[in-house]
2 protein chains.
Amino acid sequence: MAGSEIDEMIRLLARLPGLGPRSARRAALYLMRRHDTLLVPLAEAMTRAAATITTCSLCNTLDTTDPCAICADTRRDRSTICVVEQVADQWALERSGSYHGLYHVLGGTLSALDGVGPDDLAIASLVHRARTEDVTEVILALNATVDGQTTAHYVADRLAHAGVTISRLAHGLPVGGELDYLDDGTLAAALRARRGV
Amino acid sequence: MAGSEIDEMIRLLARLPGLGPRSARRAALYLMRRHDTLLVPLAEAMTRAAATITTCSLCNTLDTTDPCAICADTRRDRSTICVVEQVADQWALERSGSYHGLYHVLGGTLSALDGVGPDDLAIASLVHRARTEDVTEVILALNATVDGQTTAHYVADRLAHAGVTISRLAHGLPVGGELDYLDDGTLAAALRARRGV
């Protein structure tokens, strides 16, 4: 169909989430038609990223420095640690611009089905940080799924004697959400957690 | 949010067709978690492709050699040229495995709205090939769109005195297609071009 270098690029692009064989071919042709403006810059950016990406030894996130930019930022509030499942969740919270403390990336959730136990997640290092650093509050920002909430309960247990306040994100109506389209669980949680006006 | 190398990779990934900002972030994290098995190989494949990709001086396709692998292949039937709009169309025909001649990539269709005239497409070089090579038939495999068919008519006019048979792809039911779901134009074309059983 085309030179082996092109085929190899298509084969690897097709492994990206959201791209299949057809869209990988389309992406490859798009890249090839934009040789100088996209293909070369993207290849260089990926090479640079591959050379610099590392895991932060403090919070377990992915960044180009260790400690990561957030752990190294002296302007961040070092008394709060926000626990998230994945790096993507940390990025989502950063985009919201409403949190200015530190993070801790667990790397997943406990899952008996998938054989993920406490030792597979960065829980011990979290307990260590909560005990030794100037931390006063740990916010459990795990997904509102069964696995996420199970993990949150487990992490809260492990932190029980670390001398920190433990909190979790509020459950309720998403901003802009319509009652008619919400599931019963969310409505029940929003009703239970109702606030005075 | 993350190191500038990661941000730059996400920004460029988001420009690929089929990926937006959110899916580009997801793809970047997916790549970063598969550093050795996907990120590095893909970066290397793209660098190699960028260094070798060229336009075939005969048929105008994209490949890693000039002339391209098909133009250079002595086993191909050199008496037939299949005219396509884009490289992707050539790849689709090659995947079908039902054509063994040469190709000619126009690079688009005539379009008054987009300001694409005959000089913007590889039409003159096609006429030249049809006159000088051992070509006996030119197959117009352009899209069954208004622009595609307009271009096919124009190309057929230009080839009128080149001494070659000019043909086009058949219109009709797609294999596996159901009558109930087909548009009127396709049904009318299939009925007009009906064949004895």
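Biologist: At what angle do helix α2 (residues 21-33) of chain A and α3(A) pack?

Modeller: In this predicted model, the axes of α2(A) and α3(A) lie 6 Å apart. Tyr30(A), Leu31(A), Met32(A) and Arg33(A) supply the α2(A) side of the contact, while His35(A), Leu38(A), Leu39(A) and Leu42(A) supply the α3(A) side. The packing angle between the two helices is about 115 degrees.

Biologist: Between the chains, is α5(A) oblique or perpendicular to α2(B)?

Modeller: The axes of helix α5 (residues 87-96) of chain A and helix α2 (residues 21-33) of chain B come within 10 Å and cross at roughly 140 degrees. Roughly perpendicular pairs have angles of 65 to 115 degrees, and roughly antiparallel ones have angles over 145. The arrangement of α5(A) relative to α2(B) is therefore oblique.

Biologist: What is the handedness of the crossing of α5(A) and α2(B), and which residues of α2(B) take part in the contact?

Modeller: The crossing of these two helices is right-handed. The contact of α5(A) with α2(B) comprises five nonpolar, no polar and two charged residues.

Biologist: Which residues have the most contacts inside the largest nonpolar core?

Modeller: Nonpolar side chains tend to be buried together in soluble globular proteins. Here the largest nonpolar core has 113 residues. Those with the most contacts inside this core are Leu13(A), Met46(A), Leu13(B), Met32(B) and Met46(B).

Biologist: Which residue of chain A is in contact with Leu13(B), leaving aside neighbours within four places in sequence?

Modeller: Leu13(B) is one of the residues with the most contacts inside the largest nonpolar core. Its contacts in chain B, with those neighbours left aside, are Leu19(B), Ala24(B), Ala27(B), Ala28(B) and Leu31(B). From chain A, the contact is Leu42(A).

Biologist: Is Thr47(A) buried, partly exposed or exposed?

Modeller: Thr47(A) lies in helix α3 (residues 35-52) of chain A. Residues up to four places away in sequence not counted, Thr47(A) touches Ala43(B) and Thr47(B). Buried requires under 20% relative accessible area and exposed requires over 50%. With a relative accessible area of 42%, Thr47(A) is therefore partly exposed.

Biologist: What is the peptide bond from Asp66(A) to Pro67(A), cis or trans?

Modeller: Most peptide bonds are trans. Pro67(A) is placed in the loop between β2 (62-63) and α4 (69-72) of chain A. For the bond from Asp66(A) to Pro67(A), omega is near 0 degrees, and the bond is cis.

Biologist: Which bond joins Asp66(B) and Pro67(B)?

Modeller: Pro67(B) lies in the loop between β2 (62-63) and α4 (69-72) of chain B. Omega is about 0 degrees, and the link between Asp66(B) and Pro67(B) is a cis peptide bond.

Biologist: What is the phi of Asn60(A)?

Modeller: Most residues other than glycine have a negative phi. Asn60(A) sits in the loop between β1 (54-55) and β2 of chain A and is partly exposed, with a relative accessible area of 28%. Although Asn60(A) is not a glycine, its phi is positive, at about 75 degrees.

Conventions: Residues numbered from 1 in each chain as written. Chains lettered and ligands numbered in written order. Predicted model: local features only at pLDDT ≥ 70, side-chain atom pairs only at ≥ 80, totals over all residues. Heavy atoms only, no water. Axes fitted to C-alpha atoms, helices over the stretch in contact; angles between N-to-C directions. Helix = DSSP H or I, 4+ residues; strand = E, 2+ residues; numbered from the N terminus. Parallel < 35°, antiparallel > 145°, perpendicular 65-115°, else oblique. Left-handed = near helix turned anticlockwise from the far one by under 90°. Nonpolar A, V, L, I, M, F, W, Y, C, P; charged D, E, K, R; others polar. Core = buried A, V, L, I, M, F, W, Y, C linked by side-chain atoms within 4.5 Å. Buried < 20%, exposed > 50% of the residue type's maximum accessible area, 1.4 Å probe, protein only. Contact = heavy atoms within 4.5 Å.
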